[in-house]
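The stops below follow one another, each with something to select and something to look at.

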Amino acid sequence: MRAVLTWRDKAEHCIYDLAFKPDGTQLILAAGNRLLVYDTSDGTLLQPLKGHKDTVYCVAYAKDGKRFASGSADKSVIIWTSKLEGILKYTHNDSIQCVSYNPVTHQLASCSSSDFGLWSPEQKSVSKHKSSSKITCCSWTNDGQYLALGMFNGIISIRNKNGEEKVKIERPGGSLSPIWSICWNPSREEHNDILAVADWGQKLSFYQLSGKQIGKDRSLNFDPCCLSYFTKGEYILLGGSDKQVSLFTKDGVRLGTVGEQNSWVWTCKVKPDSNYVVVGCQDGTISFYQLIFSTVHGLYKDRYAYRDSMTDVIVQHLITEQKVRIKCKELVKKIAIYKNRLAIQLPEKILIYELYSDDSSDMHYRVKERIVKKFECNLLVVCADHIILCQEKRLQCLSFSGVKEREWQMESLIRYIKVIGGPPGREGLLVGLKNGQILKIFVDNLFAIVLLKQATAVRCLDMSASRKKLAVVDENDMCLVYDIHTKELLFQEPNANSVAWNTQCEDMLCFSGGGYLNIKASTFPVHQQKLQGFVVGYHGSKIFCLHVFSMSAVEVPQSAPMYQYLDRKMFKEAYQIACLGVTDTDWRELAMEALEGLEFETAKKAFTRVQDLRYLELINSIEERKKRGETNNDLFLADVFSYQGKFHEAAKLYKRSGHENLALEMYTDLRMFEYAKDFLESGDPKETKMLITKQADWARNINEPKAAVEMYISAGEHVKAIEISGNHGWVDTLIDIARKLDKAEREPLLMCAHYFKKLDNPGYAAETYLKIGDLKSLVQLHVETQRWDEAFALGEKHPEFKDDIYVPYAQWLAENDRFEESQKAFHKAGRQQEAVKVLEQLTHNAVVENRFNDAAYYYWMLSMQCLDIAQDPAQKDVMLDKFHHFQHLAELYHGYHAIHQYTEEPFSSHLPETLFNISRFLLHSLTKDPPLGISKVKTLFTLAKQSKALGAYKLARHAYDKLQGLHIPARFQKSIELGSLTIRSKPFHDSEELVPLCYRCSTNNPLLNNLGNVCINCRQPFVFSASSYEVLHLVEFYLEEGITDEEAVSLIDLEAPRHKHENKWQEITSSNSQTLRLDETTDSMRDDDPFTAKLSFEMFHSEDYELLVLQHTCCPYCRRRIDDPGP
């Protein structure tokens, strides 16, 4: 550290205090009864300020730079603006000793001999507090919360912002050690507030805010008058009776003298955020100094040691960025580092450190030796067992115990010295002299070896890794490179201030100068890039650069020298450079260049580095082919070009090597079809078609289906065209394709039809099926689309498809709840089992749902189907039995329908006689277990009620008696019990009018017939009317032998011929009107049987039948419509 005087001035009076404006542009001095304002840049007196009547003792500037304050022996404090205008004045009872602004709130503390005051711009009055002793100095903490007051009686009082005392520190010397200057450390990095105290007991002390002392008192050997910190708190300035300003560390270690004066120093301050110091003296002298802190450091490979805070040494590992701090607590003068050794020169001794271990990344140092002796030297070098001191022209070699072993006297001043390695105790030194001589010295050898001599002085030296080349930077900023053995100058480069060889590559060096970093490989041109500072090391791709006081490792890609080697096809050398450190892009470029140069070994290493498996596979395949005997380099290079995307060059090489097919395959794989066509020129049509097909495949893959369809059609690949069109729903395209295709091409046409069906265009599908004559598929199409009319028409023309039509039709009807039609369709299709199954299910559902009329109809239909099936001789007997069984059930359910309505509904449309006849019919028919759904209770209940109403009391009594033995629903219970009681009051016989007569033997049958519905005499079955259930006037007869069934039917028809029904409505048209008249004269039934109508195996009275037909528009039993010709 050295101090350079910048400017000096002298005032007429003693300079008691001074203050800088926070931006450092102005300096305020307290001189006599005036304030002097100086420009800090050149020491110009800007303006003297008059306002005080007596000597000004103190001055302070606010942190915001808006105002400053001065205190005087005239007991007044004046507030000034930054424009040098006085704006406020207030007084104390005694002379003002010190003033200080709060750094946060800008509150002003002013201290006198008997009290102190606190003033802020917001408040009108000054709050004052008494003091037990004269206050000599004051200082605010960084956060502005506390004010420290130094007193003449040796006490330090720490107050809060309101002036209340919080901490009291009593110095050991008491009133014999007046506190003359105090200051809080302004550093923001300190965890605690630290107060520096200087007293006239000639001591420097440090305290925490709590009042606890830090360390011990440090003796000064002079009376301190002023104490101040640097802006960041790293150093302390002290001045006083020793007539000089001393620089101390923040811990109180003296570092040196800033400037010697001719009288006491009363004040000294540091210009904010700078290394400039101003000193004010008793004789009025004002001195302005610049402090220059020199760099003390040492470097060996990737370890850099440098001085920090003047007393510490920091060792930095430039690769791992690890740092370790060694606290010496004394001024560090010189540093040297070599391998695992570190030497530190202090004012009175040299410390030798060593690493704990041999680990290259170990950063733990311990003291190995101490040489307690004062040395004066320009340069310090450390070796494994020695230290080398350089003083002007002389070199001294000392052991670690401090014993001088050797000494070398040089011809000229030593300008540069460096350890270049060697065995322990026999290291070699490279020495450069001012006269241009360059020597090599071994520490165990008295004789220096002259390597070479040049005309200019040496500034910097370095030797290549193999010790074959020497790089020298001379005083003319020229970098010269020599061959050590031949002493030949290999090349020289201008604008250099330092040079370093690459420790990993023999032919690479770098030098810095003029703000640029220059990298030179072999004899190639220099590559430049911007870089501030000095190059001090070059390790692989890292360049160690010293800029001002900081050392940094700069990662420099070695791209430029690598490309220089590549340009000359020197692939192996380029690979060595790349290994030092280049970008991935550079590695890839090296790999490509080596591949194109067919240098496969280098290419493989480079591609491995960038992990490009594709190219590694290519290299392996080429190497395998070479092993098999292939030697065509054109073919290898063509493969390389195709991998690189240089397809046209690859095609030319393929053609030149006689492998046109590979070029064609490459173009088609890359979808470069136009180039492929050009390459083919007028080639084989098959190959052209293949190209179009591949092009279409590509268009399909890149989601260009329209183009793909057109290409497939032009290539004759109709199936693929149809598939794409169908998947995209392009019906028009499908129609065009289908109509252009020949009917012999069944597969594509069938695909068209399939997509027409899928896209809901059955008309086009039908057209396609007709084109290829596939009637079965056409039938299936009609069925699937439920176009039944077309299906039936096709079935009429082609009966072989009858089953394919009617079975799905029946299933469709059944699915749509049209079960009766479904049953008929099954029957028509010859699917008797399905037809019967549907009918049985319908019948069961009707019974379960109490639709007994429908159940009767379904049983009738079942019986008729059984009759149809009975025409088959093999099933005749079984089917006839089923026919009679189903006919019987149909009759029962038909009759029970009226009983159910009567018992369940509030009103009945049937006459009492009808209900009476029906219930009698059912009672006689239900001799065994009644069928499902038919209630014996309801039947007996109806019979009992109607018998009682018609006068058949005996039968009614029987019915009520029967009911007593059955389980009766609750809703009938009361009515039956009442009827059972009231019937006992009636006669015990039946009305004769109700007694049925047998029309064969004229026997009166009882109403309750144990034989059932047959005559008790002749056993003739009664034939009942299907509407009123009265016994009809019919007698069963048998044909005589010789008369066939057909003859009998014809005879019956002759006896009662059927006439065509005539329309009774007559239309009359006149000129201006049209009328309809009912002609009642026509009696279509006059010749019919006046008693009965025969239909569906059931008999009716003709009047009843006509009435029922008019009501229902169909037969009430078989439901055949009146306009149906029927059987």
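Start by selecting Asp312, which is buried at a relative accessible area of 9%; buried means under 20% relative accessible area, exposed over 50%, and partly exposed in between, with a 1.4 Å probe and protein chains only. This is a predicted model, in which local features need pLDDT of at least 70 and side-chain atom pairs count only at pLDDT 80 or more, while totals for chains, interfaces and linings use all residues. Residues are numbered from 1 along each chain as its sequence is written, and side-chain values use heavy atoms, with hydrogens and water left out.

**Salt bridges**

The term stands for a side-chain nitrogen of Lys or Arg within 4 Å of a carboxyl oxygen of Asp or Glu. Asp312 belongs to strand β31 (residues 312-317) and Arg325 to strand β32 (residues 323-327), so the pair ties together parts that are 13 residues apart in sequence. Strands (E, at least two residues) are DSSP runs, numbered from the N terminus. Arg325 is partly exposed, at 41%.

Next select Arg159 and Glu165, whose side chains meet in a salt bridge of 3.9 Å, N to O. Arg159 is buried, with 12% relative accessibility, and Glu165 is partly exposed, with a relative accessible area of 40%.

Then go to Glu405 and Arg406, another salt bridge, at 3.6 Å from N to O. Glu405 is partly exposed at 40%, and Arg406 is partly exposed at 22%.

For a network of salt bridges, select Arg341, Glu354, Arg366 and Lys368 together. The count for the structure comes to 22 salt bridges.

Select residues 194-199, which make up strand β19. Is this strand enclosed or open? In β19, 6 of the 6 residues are buried, so the strand is largely enclosed by the rest of the structure. Ile194, Ala196 and Ala198 point one way from β19, and Leu195, Val197 and Asp199 point the other way.

Now show strand β18 (residues 179-184), which runs antiparallel to β19 and is joined to it by 5 bridges; two strands pair if DSSP finds at least two bridges between them. Trp184 has Leu195 in β19 as its bridge partner.

Lys203 in β20 stands opposite Asp199. The hairpin of β19 and β20 has 3 residues between the strands, and there Gln202 takes a positive phi near 60°.

**Cysteines**

How many disulfides does the structure hold? There are 0 disulfides, counted as pairs of cysteine sulfur atoms within 2.5 Å. Select Cys1015 and Cys1001: the sulfur of Cys1015 has its closest cysteine sulfur in Cys1001, at 3.4 Å, too far for a bond. Cys1015 is buried at 0% relative accessibility, and Cys505 is buried at 10%.

**Confidence**

Finally, colour by pLDDT, the predictor's confidence in each residue, from 0 to 100. The protein has a mean pLDDT of 79, and 75% of its residues reach 70 or more. Confidence is highest in strand β6 (residues 56-61), at 96, and lowest in strand β58 (residues 1092-1095), at a mean of 42. Select residues 1056-1064, where the pLDDT is below 50 and the stretch has 9 contacts beyond near neighbours in sequence; a contact means heavy atoms within 4.5 Å. Residues 1076-1096 are also below 50, with 40 contacts beyond near neighbours in sequence. Where pLDDT is low, the predicted coordinates should not be read in detail.

Notes
Helix = DSSP H or I, 4+ residues; strand = E, 2+ residues; numbered from the N terminus.
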